[in-house]
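The sequence and structure come first.

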Amino acid sequence: MLFDWRKRRLIRFSSKGVWLIVLCAIGAMADQPIAFPHNSHVKLGLDCLDCHIGADTRAAAGLPSVRKCMLCHAKLAKEKPEVQKVIAYANKGIEIPWVRVYDFPSEAHVKFRHAPHYQAGISCSTCHGDLTKETVAEHTVTHTMGSCLTCHRQKHASEDCAACHF
Amino acid sequence: MNQSNQTQHRWGMAIDSDRCTGCQACVAACHAENNLPLSDAESAARGRAVHWIRVDRYYEGEFPDIRVKYMPVLCQHCDEAPCEPVCPVYATYKNPEGLNVQVYNRCVGTRYCANNCPYSVRFFNWFDPVWPSPLDLQHNPDVSIRMAGVMEKCTFCIQRINRAEREAKEEKRPLADGEVQPACVQSCPAEAMVFGDLNDPESKVSRLAESGRSTRLLEELGTQPKVFYLQRAT
């Protein structure tokens, strides 16, 4: 089975906010396989879309493959211990098992798409925090239906339940 | 509901019962598209089978001069839906495009809606759904997997409607007639089912709905269904 149905049901019938808290906790504590510093990459002039290539056109923003890391790190900063780990993953031919920080639990029944939000001019930092100051990605912004709807109202986007939940 | 920046559609369907051969392709397609759990003889006998669309059979005449009429029955997306006012938590409502929508998050499982539906097209999840391997690997990611304790029903494949509308918007063009096809319509080999915008008088479904062959199921109840059944005018 793909999901822990039993657990999901227990959560569902308890407090609605519990999953958010649980997610925040997981996100904040996320122990990434590599201490990837977002801030230093942003400082070097990389755009979010350079690595999260789906954010402007697809549903999922996506994580870069290890080959993408190696486009630069085959030459750059090879001596750093964290980069060494990247090289090790690349040499083994396996993807870096990043821990996902932001996600909607399947019990929220949300079909979120990045593309329309990006095209509506919502900046990445609105939902993901200021990554110029963060090192390893953390769950800094809490997403609730209230925060989604506030923005949808301001931007005159659809407030129909079925726009997101189906 | 602020939808003023969009063209308002009013989705409807026409089903030609003279064309339907009762092949059940629509039922299979619906199951695959909408992550419906499978049912067996035992669950069906207990009234727990879930089919968002079913093919009803009607026999006309006496054996051996018998004629079978098939009628695919799905949610009729009634304009005056009997399921909506009985929901204590507003989990089912009419969306701006005329779809009768079920919000799984809101549903608390009173089952009033299913009891009040004259077409018996609403289904309750008595258990968490289970699929025999490898069917558990073929879920449609665009559709939720409903948990135990909530109602579910035909959505007119709202994920396909949303996708077509999104693509049309990105390409800055109006949605063409016939561009949105729910899984059942797409799979019908006899092309007995037509889906489209009832607000567009030129759409195929509007013309069929206004043809003399059109009837609606249990119309006398005043539910104003948006599924039109076409049959030989007698």
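## Basis

The structure is a predicted model.

## The sheet in chain B

Chain B contains an open sheet of four strands, arranged in the order S8-S1-S10-S9 with mixed pairing. Its edges are strand S8 (193–197) and strand S9 (214–215), each of which pairs on one side only.

Strand S1 (residues 11–16) and strand S10 (residues 227–230) of chain B run parallel and are joined by four bridges. Within the sheet, B:Ile15 is placed opposite B:Tyr229 of S10(B). In general, the strands of a sheet pair through backbone hydrogen bonds, in either a parallel or an antiparallel manner.

## Salt bridges between separate segments

Over all chains, the structure holds 18 salt bridges. One of the pairs is B:Asp79 with B:Arg10, whose closest N and O atoms are 2.7 Å apart. This pair links distant parts of the chain: B:Asp79 belongs to the loop between strand S3 (67–73) and strand S4 (92–94) of chain B, while B:Arg10 is in the segment before S1 of chain B, 69 residues apart. B:Asp79 is partly exposed, with a relative accessible area of 23%. B:Arg10 is also partly exposed, with a value of 28%.

The side chains of B:Glu84 and B:Lys94 form another salt bridge, at 2.7 Å from N to O. B:Glu84 lies in the loop between S3 and S4 of chain B and B:Lys94 in strand S4 of chain B, so this contact ties together parts that are ten residues apart in sequence. B:Glu84 has a relative accessible area of 16% and is therefore buried, the cut-off being under 20%. B:Lys94, at 25% relative accessibility, counts as partly exposed.

## A further pair and a network

B:Arg54 and B:Asp56 also form a salt bridge, with their closest N and O atoms 3.0 Å apart. The two residues fall into separate accessibility classes: B:Arg54 counts as partly exposed at 26% relative accessibility, whereas B:Asp56 counts as buried at 17%.

Salt bridges also link five named residues of chain B into a network: B:Asp16, B:Asp18, B:Glu60, B:Arg67 and B:Arg213. Strand S1 of chain B, which spans residues 11–16, includes B:Asp16 from this network.

How values were computed: Residues numbered from 1 in each chain as written. Chains lettered and ligands numbered in written order. Predicted model: local features only at pLDDT ≥ 70, side-chain atom pairs only at ≥ 80, totals over all residues. Heavy atoms only, no water. Pairing = 2+ DSSP bridges. Helix = DSSP H or I, 4+ residues; strand = E, 2+ residues; numbered from the N terminus. Salt bridge = Lys/Arg side-chain N within 4 Å of Asp/Glu carboxyl O. Buried < 20%, exposed > 50% of the residue type's maximum accessible area, 1.4 Å probe, protein only.
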